[in-house]
Amino acid sequence: QVQLVESGGGLVQPGGSLRLSCAASGNIFSIYTMGWYRQAPGKQRELVAAITNGGSTNYADSVKGRFTISRDNARNTMYLQMNSLKPEDTAVYYCNKKTSPKGWGQGTQVTVSS
């Protein structure tokens, strides 16, 4: 089973930026549509961005225009560039397949606060 490791989270002020990374132990980004998910305290995990193996992207309305998903198949790595961060973006962020996700990693905590 492919392992996924998220990194790049941290504490940032409102309006700031962060870049998250997702490293995979195997070559899955060129095969599957992948996504970035987030889970805030007391809320269900939600999909915020996805990228197909062809490079097409889509975003949740709440992050559209602020977040950018990308991937580097050669490095088995996926990214989430997050700009203009808001307090409501505070959550643990995970990467996984968009369809039938399984084998969740530990995630990376993003906290947006002044």
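Quick housekeeping. This is a predicted model, where local features need pLDDT of at least 70, side-chain atom pairs count only at pLDDT 80 or more, and totals for chains, interfaces and linings use all residues. Residues are numbered from 1 along each chain as its sequence is written, and side-chain values use heavy atoms, with hydrogens and water left out.

Okay, the overall fold. The protein chain has 0 helices and 10 strands. Those are DSSP runs numbered from the N terminus: helices are H or I with at least four residues, strands are E with at least two. Buried residues make up 41% of the 114 residues, where buried means under 20% relative accessible area, exposed means over 50%, and partly exposed is in between (1.4 Å probe, protein chains only).

Now for the rings. How many aromatic pairs does a search of the whole structure find? It finds 2. Rings of Phe, Tyr and Trp (its six-membered ring) pair if their centres lie within 6.5 Å; planes under 30 degrees apart are stacked, over 60 edge-to-face, and the rest tilted.

Take Tyr37 and Trp104: their ring centres are 5.0 Å apart and their planes sit at 85°, so that's edge-to-face. Tyr37 is in strand S4 (residues 34-39), while Trp104 is in the loop between strand S9 (91-97) and strand S10 (108-112), so this pair ties together parts that are 67 residues apart in sequence. Buried or exposed? Tyr37 is buried, at 8% relative accessible area, and Trp104 is partly exposed, at 31%.

Then there's Tyr94 with Trp104. Here the centres are 5.8 Å apart and the planes are at 80°, so we have edge-to-face again. Tyr94 lies in strand S9 and Trp104 in the loop between S9 and S10, so these parts are 10 residues apart in sequence. Tyr94 counts as buried, at 11%. Put together, Tyr37, Tyr94 and Trp104 form one aromatic cluster.

And what lies over the face of Tyr94? That would be Arg45, 4.2 Å from the ring centre. The charged end of Arg45 also sits over the ring of Trp104, 3.9 Å from its centre. To count, NZ of Lys or CZ of Arg must be within 6 Å of the ring centre and within 35 degrees of the ring normal.
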